[in-house]
Amino acid sequence: MKVIQCDVAVIGAGSAGLSAYRAARTHDKHVLLIEGGAYGTTCARVGCMPSKLLIAAAETAHAVATADGFGIHVADMQIDGKAVMQRVRSERDRFVGFVLESVDGIPEADRLRGQARFLAPNRLQVGDDVEVQAARIVIATGSRPAIPDGLRGLGTHLIVNDDVFDWEDLPDSVAVIGAGVIGLELGQALHRLGVRVAVFGRGDRLAQIADEAVNQKAIDSIGADIDLRMQTEVLSTQLVGDEVELQSRDANGKTRTERFRFVLAATGRRPNVDQLRLEVTGLQLDDKGIPLFDSLTMQCGESAIFLAGDVTNDRPLLHEAADEGRIAGDNAARFPEVADGLRRLPLSIAFTDPQIASVGKTARDLEQNSYMTGTVSFDNQGRSRVMRQNHGLLKLYGERGTHRFLGAEMVGPRAEHLAHLLAWSCQSGLTVGQMLDMPFYHPVIEEGVRTALRDLKENLLKQVNDIEHCSDCTPGI
């Protein structure tokens, strides 16, 4: 068996693994990058980029279909499913190509192909004939879609989000199981592209929204556009000819039997740890088999093993994976002298319509009576109404006493931009008063943030005075 010795071995060449490799290399260490699958990150191949390509096509179709609301009449709109999917695949491949170019820039001696598994805390077997002896190891093996047992046995009619972006044409119908971010984004996009879609959510929460009012507003707004069935259980699925017969039961106990061309499982992701043989490392594992780790150093216990990216099952987002990879790679190279890395404020966005976003802390994270809230509805917000996108609700959280801005949850138009402004303010440690001192142009959606900040300030001061609650139809002061 061939033996390779290195200072740092990075298992996985996705976003986290590439970030870890680059960080470790800055310390002038011999770093080996090990990949058992295809090169190209989850984001580029099957995640954020191809999904946004599909969503962009769906938004265009929706804009044409609803143009009559502006007095613009478009006759005989046609959606060419083959052309839609050809662009998705073509642009997806272009994004993947950029990643492959980056990988090609890594010296060939630093790259090793094959599945890795532990032989000891500092030894890996890669494939059948290579042993890697590494002083430190970074695990960045990512995750894969989780498939509920009840959906197995459907053959090619059971798909995950990875499969959608290889379609050559749009199908006539899809049942989406799961009302999280992936299920909502793909379900709404496919619906707007002419596919008959039903989205089944077993619980009562969309995209893990914590606040009750924001969650209900999201259900009402998105449910007005697509067939959204919350608190609905899928009882059975079976193949009937070239379709899947699906039986479900809603919250009232009513059962329903329907047929769909495909069933899309959007029921979360599973960290890729089951083939690593982590039991031989001596690491303490949680109930999902994931090593316990420090989220600031990414170190597992006191060992020379570090985690990064979706495999942590913590924050499965690209920017978090890149940060974790950088921290893990840096600390692996400097081990045993590890240091806390920069962990940015939590920020998540669902690219639905209206968009859903969360920033910093929410009521789920805060102690009771330690905070106050401020809200604004987008139903009558000036710029939102101008664009006919006036659906949504924003809730802000501020700390009692200090008036420090703590976080926000929202569903509304262009929430991706509002969320960034709020995230920057929160990470900068601004108070509500300091945020209100910032400029607000007119008419813009951001004026809704100002209205919510005013409401929050009043509540923090525990006095409701005669300050006018501006509907953002005038600049105000």
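## Terms and basis of the model

A residue is called buried when its relative accessible area is under 20%, exposed when that area is over 50%, and partly exposed in between, with a 1.4 Å probe and protein chains only. By this definition Gln299, with a relative accessible area of 8%, is buried.

This is a predicted model, in which local features need pLDDT of at least 70 and side-chain atom pairs count only at pLDDT 80 or more, while totals for chains, interfaces and linings use all residues. Residues are numbered from 1 along each chain as its sequence is written, and side-chain values use heavy atoms, with hydrogens and water left out.

## Two loop residues

Gln299 is found in the loop between strand 16 (269–271) and strand 17 (305–307); helices (H or I, at least four residues) and strands (E, at least two) are DSSP runs numbered from the N terminus. Residues up to four places away in sequence aside, Gln299 touches Leu292, Phe293, Asp294, Ile305, Phe306, Phe335 and Val338, where contact means heavy atoms within 4.5 Å.

Asp204 has its place in the loop between strand 10 (196–201) and helix 7 (212–223), and because its relative accessible area is 36%, Asp204 counts as partly exposed. Not counting residues up to four places away in sequence, Asp204 touches Asn215, Ile219, Met230 and Gln231, and its C-alpha atom is separated by 9.1 Å from that of Ala179, a residue 25 places away along the chain.

## Nonpolar cores

A nonpolar core is a set of buried Ala, Val, Leu, Ile, Met, Phe, Trp, Tyr and Cys residues joined through side-chain atoms within 4.5 Å. The largest one has 42 residues, of which Leu54, Leu206 and Ile356 touch the most other members. Helix 3 (48–65) gives the most to this core, with five residues.

Leaving aside neighbours within four places in sequence, Leu206 is in contact with Ala179, Leu184, Asn215, Ala218, Ile219, Ile222, Leu228 and Met230.

## Cavities

On a 1 Å grid over the protein atoms alone, a cavity is a set of points where a 1.4 Å probe fits but cannot get out, whereas a pocket is an open set with protein on both sides within 12 Å along at least five of seven lines; lining residues have an atom within 4 Å of a point. Grid points are joined across faces, edges and corners, and a volume is the space filled by probe spheres set on the points.

A search of the whole structure finds two cavities of 30 Å³ or more. The largest holds about 60 Å³ of space, and its lining includes Ile55, Glu59, Arg192 and Asp353; helix 6 gives the most to this lining, with four residues. The second largest cavity, by contrast, holds about 40 Å³, and among the residues lining it are Pro145, Asn161, Ile182 and Arg269.

## The second largest pocket

About 790 Å³ of space lies in the second largest pocket, which is lined by 28 residues, of which His62, Arg192, Asp353, Arg388 and Gln389 lie nearest its centre. Helix 3 provides the largest share of this lining, six residues.
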